[in-house]
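Me: I am new to this structure and would like to go through it by question and answer. Please show the sequence and the model before we start.

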Amino acid sequence: MTPPGRARSWDSAPVALLRLDGAGAILDANETFRGWFADDGRDLRGTRLSALLSVGGRIYWETHLSPLLHMQGRVEEIAVELRAGGTRRPVLLSAELHRAVGADSADSADSADSDAGDVLIDVALFDARERSRFERELMAARAEAERAAASVRTLLTTTTALARAAGIEGVCEALVHAAVDEFRAGSASVWLVDDSGALVLRARLGDGPAADVSPAALTEVRAEVVIAPDGQVTVPLHGADTLHGVLVLAPRAHAGDDALDRGALAATGQQGGVALDRAVLHERSVSVAYELQRAMLTEHLPQPDGARISTDYRPAERSLEVGGDWYDAFWVDDTILALTVGDIVGHGLRSATTMGQLRTVVRSYAESGVGPAGVLARVDRFVRRRGVGFGSTLVYAELDVTTGRLAFACAGHLPPLLMRSDGSPQFLWQGRWMSLGVADSTVTPARPPASIAADRSGLHATLPTGPEPGQGTVDLRAGDVLWLYTDGLVERRGRSLRKGLEELARAAAGAPGSAGDKLIASLLGGDVNEDDDACVLRLEWKGPGAR
C-alpha cells in the first residue's frame with residue numbers, strides 16, 4: 001500500500017496521507033485515512049476525494065481547489081469537512097500536484113480528466129476537530145466579552161444620565177431614553193406608583209402606543225425582570241425601601257435583532273430606583289424650602305387709594321433649588337408706602353433664610369424721615385457686621401401717595417423700569433450703590449459713568465454725578481406703571497444685559513395689568529431663564545386718592 005519511493009513510516013503517519021490521480025480519484029491512502037472510514041467497510045481506491053467531502057466542501061473542491069491546484073500546483077491548509085463514519089470530520093487539506101516528465105502543462109490545466117495518468121496529487125489531511133472546537137470556544141468567548149463590554153458601556157452611559165437627572169420627571173426621561181437609545185428597545189415607558197397605589201404613566205418614548213400596565217405587575221416584578229411571551233420586558237425600579245414602579249420595554253420588530261440584555265436591564269432598574277430615591281428626597285426638600293420662601297414673602301400687600309400693586313415669583317426650573325429673590329411692600333407711615341425687591345446670592349435653604357432676615361431688617365430700619373439712602377446705609381452696616389447676605393442686591397423705594405413722588409435707591413440692583421402713560425419706557429439709573437456689604441467703612445454711592453446718552457427707546461437718561469446722597473426721585477403721573485424686578489427676568493446666556501433690558505421694556509409695554517400671579521409669564525412668554533429664579537413687583541399709579 002505504500003507508494004513507490006515513500007518511506008515505510010508513510011503508512012503509520014498520524015496525518016492522513018493520500019495519493020490522487022489527475023481527476024482527484026484516490027490511488028492510495030495510508031492507515032490513518034483508512035481508519036477514519038473503517039466503519040464503512042469499503043475500498044476507497046478509485047473514489048474521488050470530493051465525493052467524501054460535505055456538500056459545501058465538494059462544491060468548493062470542484063469550483064476552487066481543483067482549478068487552483070492545477071494552475072499553481074499547490075494549496076495549503078484549506079479547511080474542509082469529510083463525511084467519515086456517518087459524522088462530519090473537520091480537516092485541514094494541503095495538496096501538491098506532480099506532472100509526469102514531458103506532459104503538456106497547459107493541456108493538463110485545461111482538461112484534467114483526459115490526462116489523469118500524467119498527473120499525481122499528494123494530499124495531507126490534518127484532523128482539525130480540536131482546533132475547530134478551540135476556535136468555536138474562542139469565538140464564543142470573544143462574543144461574550146464583546147457583549148459584556150457593550151453592557152458595561154450601556155450601564156455607564158445610563159448611570160451618568162441618571163446622575164445628571166434633576167427631579168422625578170428628569171429620572172423618568174433618562175430611563176426611557178436609555179431603554180430606546182442604549183438598549184435599542186422599540187419603545188419604553190415608565191410607570192410610577194402614586195399615593196393611591198395605582199400605576200401612573202410618567203414618561204414614554206418610541207413608536208406605538210404605551211403598554212397598559214396593571215397594578216398586578218408590581219407583584220410579578222417585585223423580585224426580578226419579567227419577560228412576557230410577546231417579548232415585552234418589565235423591569236422593577238427598586239429603591240432602598242420601596243418599589244417606585246416599573247420600566248416597560250417593547251422589543252424592536254426587526255428580525256435578527258439581539259435580545260434585550262436582561263442582566264443589564266436589572267442593573268439599570270436598580271440604578272433607576274436609587275435615582276428615584278434621591279429625586280423624591282430632593283423634591284421633598286425643595287418643596288419645604290419653597291413653602292418656607294413663600295411663607296416669608298408677603299402674601300397680602302397693601303393696596304392704597306390711587307395705586308394697585310401686583311407681584312409674582314417663579315423659582316428656577318432646572319436646578320430645582322430654592323432661590324433668594326423676594327419682594328415686599330409696607331407702610332412706613334400714613335402717607336409713605338415702601339416698595340422693595342431683593343436678590344440673595346446663591347440658591348438653597350440658606351439663601352431662603354437669609355432672604356427672610358434681610359426682609360425683616362429692611363422693615364425694621366424703614367422709618368419716617370430716613371429715606372431710601374438712609375435705609376440702604378443701615379442695611380449695609382447690618383450685612384457687614386453680621387456677615388449675613390454679603391453681595392446681595394436690593395432696590396428700595398418710597399412712594400408718597402399724596403403727591404405721587406417716588407424716592408428710590410439701588411444697592412447693586414438692576415434699575416427700576418418706569419413705563420409712562422404714553423407708553424415710553426424709562427429706566428431709573430439714579431441712586432446707585434454698591435452691593436450690600438461690599439463697601440469698606442462707610443457706605444458711599446456707587447459712582448456711575450459720567451453720562452449715558454438718552455436714546456429713542458428711553459432706556460437711558462443722563463446720570464447724576466458728584467457727592468449727593470445716593471438717592472433718586474421721580475414724579476409719577478396717572479397711568480404710569482413702575483416695575484421692580486430681579487436679574488432672572490432679564491439675564492440670559494449669550495445675550496447682553498442691554499438687550500435684556502430692551503426686551504423687558506418692550507414686554508412691559510404690552511403686559512396686561514391684571515396678570516396677577518402670571519405676571520412673569522406675561523412678560524417672558526417662552527423666554528424663561530431655567531437656571532435662576534425671578535420675581536417682579538408692579539405698581540400701577542392712578543393718581544392721588546383715585547380708586
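Me: Which residue of E10 does Val 233 stand opposite?
Reply: In this predicted model, strand E9 covers residues 233-238 and strand E10 covers residues 243-250. The two strands pair in the antiparallel sense. Within E10, the residue opposite Val 233 is Leu 249.

Me: In E10, what is the bridge partner of Val 235?
Reply: E9 and E10 pair over six bridges, in the antiparallel sense. Val 235 has its bridge partner in E10, and that partner is Leu 247.

Me: How many residues lie between E9 and E10 in their hairpin?
Reply: E9 is made up of residues 233-238, and E10 of residues 243-250. The two strands form a hairpin, and the number of residues between them is four.

Me: How many of the six residues of E9 are buried?
Reply: A residue counts as buried when its relative accessible area is under 20%. E9 is largely enclosed by the rest of the structure, because the number of its six residues that are buried is five.

Me: Which residue takes a positive phi in the hairpin of E8 and E9?
Reply: E8 and E9 pair in the antiparallel sense over two bridges, and Val 226 stands opposite Thr 234 in E9. Their hairpin has five residues between the strands. The residue with a positive phi, near 95°, is Gly 231.

Me: Which element gives the most residues to the lining of the second largest pocket?
Reply: The second largest pocket has a volume of about 420 Å³. Of the 15 residues that line the pocket, the closest to its centre are Ile 168, Val 193, His 244, Val 280 and Arg 284. Strand E6 (187-193), strand E7 (199-206) and helix H7 (262-296) are the elements that give two or more residues to this lining. With six residues, the element that gives the most is H7.

Me: Why is one side of E11 left without a neighbour in its sheet?
Reply: Another open sheet has five strands in the order E11-E21-E20-E16-E17, with antiparallel pairing. Strand E11 (307-314) and strand E17 (425-427) stand at the edges of this sheet. One side of E11 has no neighbour in the sheet because E11 has a single partner strand.

Me: By what angle are neighbouring strands of the sheet E11-E21-E20-E16-E17 turned against each other on average?
Reply: The sheet is open, and its five strands pair in the antiparallel sense. With direction ignored, the average angle between neighbouring strands is 20°.

Me: In E21, what is the bridge partner of Ser 310?
Reply: E11 and strand E21 (residues 534-541) pair over eight bridges in the antiparallel sense. For Arg 314, the bridge partner in E21 is Ala 534. For Ser 310, the bridge partner in E21 is Arg 538.

Me: Is the aromatic pair of Phe 33 and Trp 36 stacked or tilted?
Reply: The ring centres of Phe 33 and Trp 36 are 6.2 Å apart, and the planes stand at 55°. Planes under 30 degrees apart count as stacked and those over 60 as edge-to-face. The angle of 55° lies between these limits, so the pair is tilted.

Me: Which residues form one aromatic cluster?
Reply: The structure holds two aromatic pairs. Besides the pair of Phe 33 and Trp 36, Phe 33 and Phe 37 form a tilted pair, with 5.0 Å from centre to centre and 45° between the planes. The residues of the one cluster are Phe 33, Trp 36 and Phe 37.

Me: Is Ala 178 buried or exposed?
Reply: Ala 178 is found in helix H5 (residues 167-182). The relative accessible area of Ala 178 is 5%, and the limit for a buried residue is under 20%. Ala 178 is therefore buried.

Definitions and conventions: Residues numbered from 1 in each chain as written. Predicted model: local features only at pLDDT ≥ 70, side-chain atom pairs only at ≥ 80, totals over all residues. Heavy atoms only, no water. Phe/Tyr/Trp six-rings, centres within 6.5 Å; stacked < 30°, edge-to-face > 60°. 1 Å grid on protein atoms, 1.4 Å probe; cavity = no way out; pocket = protein on both sides within 12 Å on 5 of 7 lines; lining within 4 Å. Points joined across faces, edges and corners; volume = space filled by probe spheres on them. Pairing = 2+ DSSP bridges. Axes fitted to C-alpha atoms, helices over the stretch in contact; angles between N-to-C directions. Buried < 20%, exposed > 50% of the residue type's maximum accessible area, 1.4 Å probe, protein only.
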